[in-house]
Amino acid sequence: MNHALPISLTEPPASPPDRRLLGLPAAMWPRLLAPLLLGCLALIAWEAVVRLRGIPSFVLPPPSLIARTLSAEWHLLAGSLWITVSITLAALTAAVVVGMALAILFTQSKWMELSLFPYAIVLQVTPVVAIAPLIIIWADNVTVSLLICAWLVAFFPILSNTTLGLNSADHNLVNLFQLYRASRWRTLLHLRLPAAMPYFLGGLRISGGLALIGAVVAEFVAGTGGTASGLAFRILESGYQMQIPRMFAALALISGCGIVIFLCLSLISHLALRHWHDSALKREN
C-alpha cells in the first residue's frame, strides 16, 4: 500500500542559497566576463594586425603604445580629464534640477506644459554643434559656455521621461486620493513621484551619456578657437602635432569616462528600485 507523503500547503520549499564567488553572485560573472573576454580578443587582434602589417603609429597605433602613452603623459591628460568630468557632472546635475522642476510644473499646470514643452523640443532637435559657437561667443566664461552646451543636450530626456512618469500614475489611485480630498502636493509626493521614479532613472541614464557628449562637442568648438579646455582640446592638439597615440589615449579616457558614468547611474537605479519595482525585482524563474 502506497502512502503519499504529506505536502505542506503553507510553507513553500526553501530556495537554495545564492552561490557567490569573490563576493559576487555566481550568475553575475558570465555577464561580466563575456564583454571583458570579447574586448581582450579585439585588442589582441588590433595589436596583431598593426604589427603584422607594419602600420605606422601615426596612422593606427597599437593598444600597447596607447597604454604606454597614457601612462607617460598622464600628468597632461589628467587635468583635461578633470575638466571634462566636472563639466559633465555639473551639466547632469543642472539637467536633473531643471528637468524635474519643469516636469513637476507641467504636471501641476497643463497650460504651462502646452506653452513650454514645444520650446523644450526645439532645444532638443537643434544640433548643439550649430549653436555652440554662439554660446561660446555670448558667454564671457568658457566654463559657463561649455556647461550650457552640455546642459542643453542632457536635460530633455529627464524632462520628457519624468513628465511621462508623473502622468502615468494609476488613475484609480488618483481617484482614490481625490476621494479622500488629498491636496495636489500630497498626491504629487505620495503617488505621482513614486510612479515617476523608474521613468526618471531611465532618463537619467540616457542624460549621463548625453551630458558627456555635449561637453566634448562644446570643447571641440572651444578648442578650434584656441581655448584650452578638456580632453577634446587634447585630441585637437594631438591631431595638429601628429601625436596620434596621445589622441587615442584621450579618446580612450572619454570612452572609459562614459562607461563609468553609465555603470554608476545603473547602480543607482538598481539600488533605488530593487525592493519594489518589477524591473529590478529578482525572480525565481
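Predicted model: local features only at pLDDT ≥ 70, side-chain atom pairs only at ≥ 80, totals over all residues.

Me: Why is Thr 162 called buried?

Reply: The relative accessible area of Thr 162 is 1%. Buried means under 20%, so Thr 162 is buried. This residue lies in helix H6.

Me: What is Thr 162 in contact with, leaving aside its neighbours within four places in sequence?

Reply: Thr 162 is in contact with Ala 103, Ala 196 and Phe 200.

Me: Which residues touch the most other members of the largest nonpolar core?

Reply: They are Ile 158, Leu 159, Leu 166, Phe 200, Leu 204, Leu 231 and Ile 254, in a core of 35 residues. At least two residues of this core come from each of helix H3 (74-108), helix H6 (142-166), helix H8 (184-224), helix H9 (231-240) and helix H10 (244-273). A second, separate core has 14 residues, including Ala 132, Leu 146, Ala 150 and Ala 215.

Me: Which residues does Leu 204 touch, not counting those up to four places away in sequence?

Reply: Leu 204 touches Leu 92, Val 96, Ile 158 and Leu 265.

Me: What makes H2 and H3 roughly perpendicular to each other?

Reply: Helix H2 (residues 63-72) and H3 pack at an angle of about 80°, with their axes 5 Å apart. Angles of 65 to 115 degrees count as roughly perpendicular, and the two helices are therefore described in that way. Leu 70, Ser 71 and Ala 72 of H2 make the contact with Trp 74, His 75 and Leu 77 of H3. These residues divide into four nonpolar, two polar and no charged.

Me: How do you know that H9 is largely enclosed by the rest of the structure?

Reply: Eight of the ten residues of H9 are buried, so this helix is largely enclosed. The buried residues are Leu 231, Ala 232, Phe 233, Arg 234, Ile 235, Leu 236, Glu 237 and Ser 238.

Me: What is the relative accessible area of Ser 238, and how is this residue classed?

Reply: Ser 238 has a relative accessible area of 0% and is therefore buried, the limit being under 20%. A polar atom of its side chain lies 2.7 Å from the backbone oxygen of Arg 234. Leaving aside neighbours within four places in sequence, Ser 238 is in contact with Gln 243, Arg 246 and Met 247.

Me: Why does Met 242 count as partly exposed?

Reply: Met 242 has 48% relative accessibility. Partly exposed covers the values between buried, under 20%, and exposed, over 50%, so Met 242 counts as partly exposed. This residue is found in the loop between H9 and H10.

Me: What makes the phi of Met 242 worth noting?

Reply: Met 242 has a positive phi of about 60° although it is not a glycine. Most residues other than glycine have a negative phi.

Me: Where does Arg 181 lie, and why is Arg 181 called exposed?

Reply: Arg 181 lies in the loop between helix H7 (171-179) and H8. Its relative accessible area is 78%. Exposed means over 50%, so Arg 181 is exposed. The phi of Arg 181 is near 60°, a positive value in a residue other than glycine.

Notes. Residues numbered from 1 in each chain as written. Heavy atoms only, no water. Core = buried A, V, L, I, M, F, W, Y, C linked by side-chain atoms within 4.5 Å. Buried < 20%, exposed > 50% of the residue type's maximum accessible area, 1.4 Å probe, protein only. Helix = DSSP H or I, 4+ residues; strand = E, 2+ residues; numbered from the N terminus. Contact = heavy atoms within 4.5 Å. Axes fitted to C-alpha atoms, helices over the stretch in contact; angles between N-to-C directions. Parallel < 35°, antiparallel > 145°, perpendicular 65-115°, else oblique. Nonpolar A, V, L, I, M, F, W, Y, C, P; charged D, E, K, R; others polar. Polar contact = N/O pair within 3.5 Å; in protein donor to acceptor, adjacent residues only side chain to side chain.
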